[in-house]
Amino acid sequence: MEAYVTPLHQLGMQDVEHVGGKNASLGEMISNLTELGIRVPGGFSTTAAAYRSFLNHRSDDGILHDRISAALASLDIEDIGQLTATGKSIREWIRATPLPDDLTAQITTAWQQMDAAHTGELAVAVRSSATAEDLPDASFAGQQETYLNIRGLEGLIAAIHDVFASLYNDRAIAYRVHQGFAHDDVALAVGVQQMVRSDLACSGVMFTLDTESGFRDMVLITASYGLGETIVQGAVNPDEFYVYKPSLRAGRRSILRKNIGGKAIKMVFADSSAEGHTVETVDVDAADSARFSLTDAEIETLARYALIVEDHYARPMDIEWGKDGQDGHIYLLQARPETVQSQTGRVIQRYTLKSQSQVLAQGRSIGHLIGSGPARIIRSSAEMHTVQTGDVLIADMTDPDWEPVMKRAAAIVTNRGGRTCHAAIIARELGVPAVVGCGDATETVGEGEVVTVSCAEGDEGYVYAGQLEYDKQKIEIDNLPEIPVKIMMNVGNPDRAFDFANIPNHGVGLARLEFIVNRMIGVHPRALLEFDELRADLKQMIREQMAGYNDPIEFFVGKLSEGIGCIAAAFAPLPVIVRLSDFKSNEYANLIGGQQYEPQEENPMLGFRGASRYRSESFRACFAMECQALKRVRDEMGLTNVQVMVPFVRAVREAAEVSALLAEHGLKRGENGLRLIMMCELPTNALLAEQYLEYFDGMSIGSNDMTQLTLGLDRDSALIADLFDERDPAVLSLIKMAIDACRKQGKYIGICGQGPSDHPDFARWLVEQGIDSLSLNPDSVLETWMFLAGKTV
């Protein structure tokens, strides 16, 4: 009798053609990674030979394989009606065909062996494992069915029958054609695996790179309560965790970022009395939704497992995991090659909106593209046929059945889902912009309304009213010529850091803390320090803002260190110059709770800001929290490429005071390689540069403030805007003084103002004066680089 069933522990990657990629990988992990601490539930697999034997069954209507081949030979997959009818017929033929007797006998034996080794009633997951899936260049994500909480031999055999039929789901038929696989070349094995009781805990998906930028030194983990199908299907907005591999390997604090998700529902085992249903979806308790589904220790454990898997397979991986609520252990349920970012070449495409309009919806951006077209609201699979080429597909969530029409869409928008859901995976493979987890896009966008979907603005994706113009730029990053200056970047948004790091650069010349405070924290630091004394309504607003955190101070320090850490990690080991917060009083007042702590100033631009604020008694405790965040990133995470820059220093004595204050908070110049840089943005800084440099390791010219303070004009005033020019002789004279002073002392001198980004001739003049680096806005790096090389883009 031919072997139609094989235990998972006897399999390895050499068996892909016999049991498919998924089951071969499970066997590979059980055989090779168990001794390294990886737990993988056991089970067995049917073989491709078993499936082919099944297809060769002869009935009064002929051989099943021949009937299927004939039906597919005349199929036009672009005709959705024909695809639906053909798929339905084939699946009915398969379900009407009995399994071969010898296959049924071997399944029975394998089941009985599993059941005998299990305490209590055995529940299994029954999953497809196609011989063409989980390959390095095609994921086949969600193409066949999965059946969970299957109990009893009769239920198992019925589930295996259903999995066989699912090879001919509409989406699977269409996907094979789109990927260039002949239907006859794909056979189906079925994996039977003991269930992990994640219905009593949590589960999720993790990738061993950043799914949006391809950044390799990160593990991305998504997690939500209950069984993992809700994340894969995109039915839930999960928590997201980013872990930095070098820090993890070094045994340091390694969690770069934590984003709390809504986690509104979870999938659990259905009550045994629920006829025909093995699982069900229930609401998550509000208190559970408001906290993270994993502890920091569990996040780092998962990331270590991911490293072990990636090291074994020697390539980026996509891994499903589950935490068992009964034994408390974490198990790996699947591991497959990552198929999108790992295939990306050395050419970067950059999309930039030329303008913005009313925001109709926003959620998590997938990719960095922009697309526009008429909105097509799809509420069920019965409406799929209405999607035409160039439409923007908008739905509550996508189903794998929709894959045949998703490739027609100019963009995809969903109410639910996270970065690892089906819609996100397919959108990446198809190269289509997608915004997931919007909440209410199907209500806020009108049917047929022309919209623009932008994923080019960071972590948040936006659906704008109307068709907006945008620029598209292609950068071949291996072919940039040598130039006599270092090109750095101005980066404020941590969400974009990993993407920007793909652009050729020499580090970050200006990382702005204000963006992190405004977008990731949103609360005045004193309101967090004095939380217990606030009135009730403010407390409630802040509690909502700091969801997932119990301690207001840890919320501020944690979020600030996350933002700094993301930028530092993205560019490591290159220098990242982090400017201490430079909010003006009116900007601080706009933060939650800010009105009661900030003065009313006639001219905030020249008021309570920069070094003067740090040394003030009213702000010193706030400044201490900034220092604590910087120290956490440098000392605990080991990101010593972070340098600290002090803005708006009005007098030499202020330089001395702030330098001492930083040292008092554990940021002492020279210790652990720390370099202190000063913003050179006031005339006094250039005129007395040599005196200021006694307290700093270099200067970074802020050309915006230097220009307005030298020329005595308000850079925000439209009435005198024509006079604002960094190339004015007086401004150039002061800048040259600063450059000469730094070069004389052998200290760093760069520029991080807007000037070089706007005026390539100004950039050339700076190079001629001997400046060390130009820190540019990311969208102007290529143009300025080529200009300085004497070439055009």
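**Close-ups of a predicted model**

View 1. Asp-162 is partly exposed at a relative accessible area of 22% (buried is under 20%, exposed over 50%, partly exposed in between, with a 1.4 Å probe and protein chains only). This is a predicted model, so local features need pLDDT of at least 70 and side-chain atom pairs pLDDT 80 or more, while totals for chains, interfaces and linings use all residues. Residues are numbered from 1 along each chain as its sequence is written, and side-chain values use heavy atoms, with hydrogens and water left out. Arg-95 is partly exposed too, with 44% relative accessibility. The two side chains meet in a salt bridge of 3.1 Å, N to O (a Lys or Arg side-chain nitrogen within 4 Å of an Asp or Glu carboxyl oxygen). This pair links distant parts of the chain, 67 residues apart: Arg-95 sits in helix H4 (residues 80-95) and Asp-162 in helix H6 (residues 153-166). Helices (H or I, at least four residues) and strands (E, at least two) are DSSP runs, numbered from the N terminus.

View 2. The side chains of Asp-725 and Arg-727 come together in a salt bridge at 3.0 Å, N to O. Asp-725 is partly exposed at 24% relative accessible area, and Arg-727 is partly exposed at 31%. Shared partners also join Glu-212, Glu-240, Arg-364, Arg-419 and Arg-428 into one salt-bridge network. By this rule, the count comes to 45 salt bridges.

**View 3. Helix H27 runs from residue 729 to 745.** H27 has 17 residues and reaches 25 Å from its first C-alpha to its last, close to the expected 24 Å (1.5 Å times one less than the number of residues). Its buried residues are Val-731, Leu-732, Leu-734, Ile-735, Ala-738, Ile-739, Ala-741 and Cys-742. Just after H27 comes Gly-746, with a positive phi of about 70 degrees.

**View 4. Leu-687, Leu-688 and Met-737 form a nonpolar surface patch.** The patch covers about 250 Å², with areas from the Shrake-Rupley method and a 1.4 Å probe, counting only the protein chains shown as cover for residues. Patch members have over 30% relative accessible area and no salt bridge; like charges are joined within 9 Å, nonpolar side chains (Val, Leu, Ile, Met, Phe, Trp, Tyr) within 5 Å. Leu-688 is in the loop between helix H24 (683-687) and helix H25 (689-692), and is partly exposed at 33% relative accessibility.

View 5. The Ala-572 to Pro-573 peptide bond is cis, with omega near 5 degrees; Pro-573 lies in the loop between helix H19 (552-571) and strand E27 (576-579). Lys-263 isn't a glycine, yet takes a positive phi of about 45 degrees. Lys-263 is in the loop between strands E11 (255-259) and E12 (265-269), and is buried at 0% relative accessible area. Asn-672 has a positive phi as well, near 55 degrees. Asn-672 sits between helix H23 (652-664) and strand E29 (676-680), in a loop, and is partly exposed at 46%.
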